[in-house]
Amino acid sequence: MFTPNALGYLAETPSQTAGPYVHIGLIPKQAGFDIFSNNLGESPIGADTPGERIRIEGRIFDGTGAPVRDALVESWQADAEGRYHATPTADGFRGWARTGTDFESGLWAIETVKPGRVPGRHGHKRMAPHISLWIVARGINIGLSTRLYFGDEEAANAEDPVLRIIEQPARRQTLIARREAPGHYVLDIHLQGENETVFFDI
Amino acid sequence: MNEFIPRDRDQHPPAVTPIYKTSVLRGPHRPLISLQNSLSEVTGPVFGHGDIGPLDNDLILNYAKTGQPIGERIIMHGRVLDGSGRPVPGVLVEFWQANAGGRYRHRNDTYVAPIDPNFGGCGRTITDAEGRYAFRTVKPGPYPYRNRGNDWRPAHIHFSVFGTGFAQRLITQNYFEGDPLIARDSILGTIPDQAARERLVAKLDLDAAVPLDTLAYRWDIVLRGSRSTLFENKLEGN
């Protein structure tokens with residue numbers, strides 16, 4: 001249906017905003033109705049998944065500092081041993097979740113296990129524990145990719161090959177969740193402004 | 001490890017597009033930091049038929065309460081391909097849309113057009129071995145939205161697509177051939193390239209219609225391609 005270029009490649013389908021009603025398709029219960037027998041991504045783990053139980057949460061702020069209250073956040077992470085699983089393990093771990101920011105408070109939260117360290121690219125050091133985040137919303141024309149690192153992993157963060165390619169050390173801090181309490185991490189995401197979060201072209 | 005070919009950002013809308021006002025305060029200003037793929041980007045969740053239900057690809061029946069929804073009955077179908085033109089089998093495709101009157105079943109939608117009691121407006125399917133997807137629905141209606149003073153969205157269906165890696169994640173919208181609102185749309189207008197905009201328009205496909213029953217439209221989706229690493233510099237001592 002589409003015409004390849006001179007080398008035979010097809011151009012990627014262009015992105016469009018997920019719009020204000022993204023919840024209908026991906027998290028219909030937040031839109032206000034229940035339709036699917038299995039709502040995908042409600043939890044990245046199973047009841048018996050091994051690892052340290054943690055809660056990650058935060059808000060997403062626009063250029064005026066107001067919370068974005070209609071965004072969708074997807075997370076993708078390794079298990080406590082640093083392994084990715086495309087399909088669920090016997091204990092129910094897949095490491096992928098999705099949730100909406102709250103229509104009133106703008107808060108999003110995911111309860112999961114803390115990921116282990118994952119091998120870096122060929123020949124690079126292991127990466128620090130991190131969770132990949134993908135954010136879509138009304139007013140976001142193409143999904144935003146970022147990472148959540150953990151504030152109590154200072155040594156691992158210091159040698160993380162991805163954090164290290166961010167030239168300004170202060171900007172690395174935009175990816176590091178602060179530990180509010182044992183097992184409780186907070187990461188606020190700033191779409192614009194002085195503390196604009198680092199977003200990646202992956 | 002197969003890596004994804006870097007995304008050609010010229011095929012996509014930039015982050016800040018004044019024609020679509022909401023993007024002005026929500027689009028990042030600073031350059032994206034380009035990453036070479038690690039395991040965190042080339043892996044991703046993969047779904048199977050056990051994740052979805054038998055009626056999930058039939059929006060005419062999946063929320064029917066007292067009868068079938070009002071509207072033009074259509075089949076939407078096509079293939080999911082990668083940048084090399086290869087079919088992408090076994091990936092999750094999700095879709096959501098307004099009803100035939102242009103109203104979404106969503107607590108934040110206050111448009112005057114009525115909710116259809118028999119229409120939920122969402123569904124999902126898994127591509128088959130040839131990368132094909134198909135679902136049945138009613139054609140969504142256009143609706144107004146707050147942007148410029150008199151902006152109307154052309155009829156469209158939202159699509160969410162997974163690939164094999166999280167870096168392929170894509171959300172987009174598709175439109176219907178012949179809709180006069182397409183050329184005036186502020187959202188489609190965020191894409192600078194005319195040929196790229198046209199690739200979001202589904203074509204009437206009479207050969208796939210069910211005579212005396214349901215019309216059909218065809219629209220293919222292209223995900224980022226991957227490449228095997230041909231030559232690799234390996235650092236010593238790791």
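**Polar and charged links between the chains**

A:R147 and B:E41 are joined by a salt bridge in which the closest N and O atoms are 2.8 Å apart. The model is predicted, with scores of ipTM 0.97 and pTM 0.97.

- Between chain B and chain A the count of salt bridges is 8.
- On the side of chain B that touches chain A, 39 residues are nonpolar, 30 are polar and 22 are charged.
- The interface of chain B and chain A also holds 50 residue pairs in polar contact, with both residues at pLDDT 80 or more.

**Extent of the interface**

- Chain B contributes 91 residues to the contact, and chain A contributes 80 residues.
- About 7900 Å² is buried between chain B and chain A, and carbon and sulfur atoms give 59% of that area.
- Within chain B, the residues that lose the most area to chain A are B:R26, B:R30 and B:I33, which together account for 11% of what that side buries.

**Nonpolar cores**

- The largest nonpolar core has 87 residues, and those touching the most other members are A:F200, B:M76, B:V80, B:F159, B:W219 and B:I221.
- Another core, of 23 residues, lies apart from the largest one and includes A:L133, A:I135, A:I189 and A:F199.
- In soluble globular proteins, nonpolar side chains tend to be buried together.

**Confidence**

- The average pLDDT of chain B is 95, and 95% of its residues score at least 70.

Notes:
Residues are numbered from 1 along each chain as its sequence is written. Chains are lettered from A and ligands numbered from 1 in the order in which they are written. Side-chain values use heavy atoms; hydrogens and water are left out. A nonpolar core is a set of buried Ala, Val, Leu, Ile, Met, Phe, Trp, Tyr and Cys residues joined through side-chain atoms within 4.5 Å. Buried means under 20% relative accessible area, exposed over 50%, partly exposed in between (1.4 Å probe, protein chains only). Contact means heavy atoms within 4.5 Å. Buried area is the accessible area (1.4 Å probe) that two parts lose on being put together, summed over both. A salt bridge is a side-chain nitrogen of Lys or Arg within 4 Å of a carboxyl oxygen of Asp or Glu. A polar contact is a pair of N or O atoms within 3.5 Å; within protein, one must be able to donate a hydrogen and the other to accept it, and residues adjacent in sequence count only if both atoms are side-chain atoms. Ala, Val, Leu, Ile, Met, Phe, Trp, Tyr, Cys and Pro count as nonpolar, Asp, Glu, Lys and Arg as charged, and the others, Gly among them, as polar. pLDDT is the predictor's confidence in each residue, from 0 to 100.
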